[in-house]
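Thanks for asking me to look this one over. Here are my notes, point by point, to read with the model open beside you.

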Amino acid sequence: MSHSPSLDDRRDYDDAQRGFIAALTPGIIKNAKGEVVWNIDEYAFLEKDCPPTAHKHLWRQAQLIVKQGLFEIKPGIYQVRGLDLSNITIVEGEKGIVVIDPLISCECAAAALQLYQTHRGKGRPVTGLIYSHSHADHYMGAAGVLPEGWKNDGSIPIIAPEGFMESAISENILCGPSMMKRAVFMYGTAIPRSPTGQIGVGLGLGTSTGSTSLIPPNVLIKKTGEELVVDGVRIIFQMVPGTEAPAEMNFQFPDFGALLIAETATNCLHNIVS
């Protein structure tokens, strides 16, 4: 019996489209110099059936993750998907919003926030920021969502699991050069996007190339069961270090009936060679 996804089973396609509100149009994000740092429109070829030049299951996975834009998870919780390797989640509080995992690039995070504001209004300031774990695609775009002139004085709680800074620094500074070389092979960054080239990396379509930031957390979660209230939003944390990242946590929103587990579990093979 084969355990591979059936190409005739369309439930994943329905799930990927559920809650869709609007896409970023055009799907191109640029930096202050006008340079393109993310272009999901390059993958328009995925609208067609799989050609003989591509693996049918990789093509199927790419068709699922190319669905970009603003999605409603449930009233009060939203995601912007497809604007980087990772997704950004927004939870509406009493006065503003709690932003979770602000992507790789500041430009992409800012574009995601703007897309949310376009459809949910600009009257909700960022009142909290959470890093689910210590991988770069979940924190480096933080400066793109924090207000101009903001200072890390605790006025906006920035929440992360214990050991976050140690893990982020050791991985991205000490191992950074080796990881960058590995990424060329793992993500196919130099390969043209086409049916005969790069068609995705499993977890997402690729990595953005914009400006980055490393903003330290000012609140550390140290044990399972800790509970915080951020802008009226109750959050209960579960420590899961050494699962998908050295410093990682899951968290529940009991009043929403929602659970965020980032990449502790994904509905795909985490990363694959394209």
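1. A cut-off to start with: a residue is called buried when its relative accessible area is under 20%, exposed when that area is over 50%, and partly exposed in between. Please also keep in mind that this is a predicted model.

2. Let's begin with helix α4, which spans residues 164–174. Its buried residues are Phe164, Ser167, Ala168 and Glu171. These sit on the same side of α4, because the arc they cover around the axis is only 95°.

3. On the face turned away from the buried side you will find the exposed residues Glu166, Ile173 and Leu174.

4. Together with Ile169, Ile173 and Leu214, Leu174 makes a nonpolar surface patch of about 390 Å².

5. The largest nonpolar core has 52 residues, and the members touching the most others are Ile29, Leu129, Tyr131 and Leu205. Helix α3 (residues 106–120) supplies the largest share of this core, with 7 residues. Another core lies apart from it; that one has 17 residues, among them Val233, Ile235, Phe251 and Phe253.

6. Which residues does Leu205 contact, once its neighbours within four places in sequence are set aside? They are Trp38, Ile40, Tyr43, Leu46, Ala62, Ile65, Val66, Gln198, Ile199 and Gly200.

7. Some backbone details are worth checking by eye. Thr25 and Pro26 are joined by a cis peptide bond, with omega at about -10°. Pro26 is placed in the loop between β1 (20–22) and β2 (28–30).

8. The loop between β7 (97–100) and α3 holds Asp101, and Leu103 is found in the loop between β7 and α3 too. Asp101 is not a glycine, yet its phi is positive, about 60°. Leu103, also a residue other than glycine, has a positive phi near 60°.

9. On to charges. Side chains of opposite charge can pair when their charged atoms come close. The model has 8 salt bridges. One of them joins Asp9 and Arg11, whose closest N and O atoms are 2.7 Å apart. Asp9 is partly exposed, at 25% relative accessible area, whereas Arg11 is exposed, at 58%.

10. A salt bridge also forms between the side chains of Glu42 and Arg193, at 3.8 Å from N to O. Glu42 lies in the loop between β3 (36–39) and α2 (56–65), and Arg193 in the loop between α5 and β10 (219–221), so this pair ties together parts that are 151 residues apart in sequence. Glu42 is partly exposed at 38% relative accessibility, and Arg193 is partly exposed at 24%.

11. Finally, Glu92 pairs with Arg124 in a salt bridge, with the closest N and O atoms 3.8 Å apart. Because Glu92 lies in strand β6 (residues 88–92) and Arg124 in the loop between α3 and β8 (126–130), the pair ties together parts that are 32 residues apart in sequence. Glu92 is buried, with a relative accessible area of 12%, whereas Arg124 is partly exposed at 24%. A network of salt bridges links Glu92, Arg120 and Arg124.

Technical notes:
Residues numbered from 1 in each chain as written. Predicted model: local features only at pLDDT ≥ 70, side-chain atom pairs only at ≥ 80, totals over all residues. Heavy atoms only, no water. Core = buried A, V, L, I, M, F, W, Y, C linked by side-chain atoms within 4.5 Å. Buried < 20%, exposed > 50% of the residue type's maximum accessible area, 1.4 Å probe, protein only. Helix = DSSP H or I, 4+ residues; strand = E, 2+ residues; numbered from the N terminus. Contact = heavy atoms within 4.5 Å. Patch = residues over 30% accessible without salt bridge, like charges linked within 9 Å, V, L, I, M, F, W, Y side chains within 5 Å. Areas by Shrake-Rupley, 256 points an atom, 1.4 Å probe, with all protein chains shown as cover. Salt bridge = Lys/Arg side-chain N within 4 Å of Asp/Glu carboxyl O. Arc of directions from axis to C-beta.
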